[in-house]
Amino acid sequence: MATDDHQILALVLFSAFVAATLAVTAWAGRRRHGSAEEFYAGGRLFSPLENGFAIAGDYMSAASFLGISGLIALFGYDGLLYSVGFLVAWLLVLFLVAELVRNCGRFTLADVVAARMRRRPVRIAAGVSSVTVSVLYLVAQMVGAGSLVALLLGGTGQAARTWTVVGVGALMVFYVICGGMRATTWIQIIKAVLLMGGAIALTLLVLLRFHGDLGALLSTAAQRSGHGADFLAPGLKYGGSWTARLDFLSLGLALVLGTAGLPHILSRFYTVPTARAARRSVVWSIGLIGGFYLMTIVLGFGAAAVLGTDAVRAANPAGNTAVPLLALVLGGGPESTGGTILFAVVAAVAFATILAVVAGITLASSASVAHDLYGAFRRGGRPASREVAVARAAAVCVGALAIGLALLAQDLNVAFLVGLAFAVAASANLPVLLFSLFWRRFTTRGAVWSVYGGLLPALVLVALSPVVSGSPAAVFPGLDFQLFPLENPGLVSIPLGFLFGWLGTVTSPEAPDAAARHAETEVRALTGAGAA
């Protein structure tokens, strides 16, 4: 638990960050001119370096900083899957997605798919899927915020966590409504710099504590974990039974394939002027993200070695507070000035991480509602400014929904919750995106079936999994309607997304899209001719 000094200093630093981000939002709000391109894409004026930092800031979430390190501290080797999966996923984004999406779309995933399909059914399906993924991702970030404030305020109970979730939701809605993409991007850049700085400082302190000897770090972590050598071997969390092993495979698929289907990541490619700039943005972001995930490994094992697994679990059963507690001890302990300062800095950086990420996700989801769902029914005579107004109203609704769901899921690990969002993205968004870009025969029915054929099974399987009921750690521990044994649905729902896309296309009564339209889309994707 934090002392009064920890609380005060952390709240002061966090308040300073909030004040700075509000100033950025006000500055961006004065510069906006009300166009859809300005609100959704920041005028497409960001450089590859700026966008690379913003992508890294958007991607390095509370799940990365709090959840992954906590899972490694609790389960050792098996927790590494998250770090590896989150990083490897960017190779798929770099080689298959970034440039083509930038050339084919304007603001959202639906733009890419609808380029050669009947617009209304495709936009509705892609919009529904994008909003669903965004809300799941938002829930994870808000759960992280609640866990952090409970630690910061000494575990003062449910009320503190509830008001924190509500406060974070209100701030993210304000950022989006007033600043749009320009403010959101600069907030993410600031957050990326702060997060990298905090992670580097903590990693160096962990290494110095063990005199740079990684072997000593790992052996101490194994000893203090209570599991001995098993802590450094596969199987502690995802071993033993076939169910656990299949869960491991399912999670790996979701993490590697899900990034390319995340709406808030895809929308970042539209903030630069060209496809070449989008590719260079991804190269910058891979460097930053790769370095960061290597540091989360050191921090996770460092928390196990310095604190002990039992202490990490006692503070938070899901491990979400391992990094702030590690900072407290590395700084000199609960009663020291160094511990107070380091704890406060890490807590404030974690809050900054959450705020920046939720702003980006909220903007992407509001764009899907306004540009895709509302746009599917908007008549040509209505001004585009009406669409921006709808997007701002959608931000409020999405924020309210995410707050409500986060209050139900406060005891789940944030990295695990993000894994569910990745599974839904990989099941519903990735198949239709790849089919649209690379399959000449793909039809409108195939696109709609692909989205719903991945989205609905993923949601149903999550609802019937141990995550929701049938276990002490479930969202509803007192109920038991569990029918699906795996915690992550990706192993089943991702192949179904591809299967239904193929099945819808080959059984479609309509002829495949005209060769001329596919050729036009292909040329546009590869060369950028006619890109927005």
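Good morning. The model is a predicted one, in which local features need pLDDT of at least 70 and side-chain atom pairs count only at pLDDT 80 or more, while totals for chains, interfaces and linings use all residues. Residues are numbered from 1 along each chain as its sequence is written, and side-chain values use heavy atoms, with hydrogens and water left out.

I begin with confidence. The mean pLDDT, the predictor's confidence in each residue on a scale from 0 to 100, is 82 for the protein, and 89% of its residues reach 70 or more. Helices here are DSSP runs of H or I with at least four residues, numbered from the N terminus.

I turn to the aromatic residues. Rings of Phe, Tyr and Trp (its six-membered ring) pair if their centres lie within 6.5 Å; planes under 30 degrees apart count as stacked, over 60 as edge-to-face and the rest as tilted. By this rule there are 17 aromatic pairs. One of them joins Tyr-59 and Phe-422: the ring centres are 6.4 Å apart and the planes stand at 55°, so the pair is tilted. Tyr-59 lies in helix α3 (residues 48-59) and Phe-422 in helix α17 (residues 414-438), so this pair links parts of the chain 363 residues apart. Are these two residues buried or exposed? With buried meaning under 20% relative accessible area, exposed over 50% and partly exposed in between (1.4 Å probe, protein chains only), Tyr-59 is buried at 1% and Phe-422 is buried at 0%. Phe-435 and Trp-439 form another tilted pair, at 5.3 Å centre to centre and 50° between the planes; Phe-435 is buried, at 14% relative accessibility.

Ring pairs also build a cluster from Tyr-59, Tyr-82, Phe-86, Trp-90, Tyr-137, Phe-292, Tyr-293 and Phe-422.

Next comes the core. A nonpolar core is a set of buried Ala, Val, Leu, Ile, Met, Phe, Trp, Tyr and Cys residues joined through side-chain atoms within 4.5 Å. The largest one has 156 residues, of which Tyr-59, Phe-65, Tyr-82, Phe-86, Phe-269 and Phe-422 touch the most other members. Helix α15 (residues 337-377) gives the most to this core, with 17 residues.

What space is left inside?

Finally, two exposed residues. His-211 lies in the loop between α8 (158-209) and α9 (214-225) and is exposed at 75% relative accessibility. Its phi is near 55°, a positive value in a residue other than glycine. Arg-276, in helix α12 (residues 275-306), is exposed at 52%. Arg-276 and Asn-103 are 173 residues apart in sequence and 9.8 Å apart in space, C-alpha to C-alpha.

Thank you.
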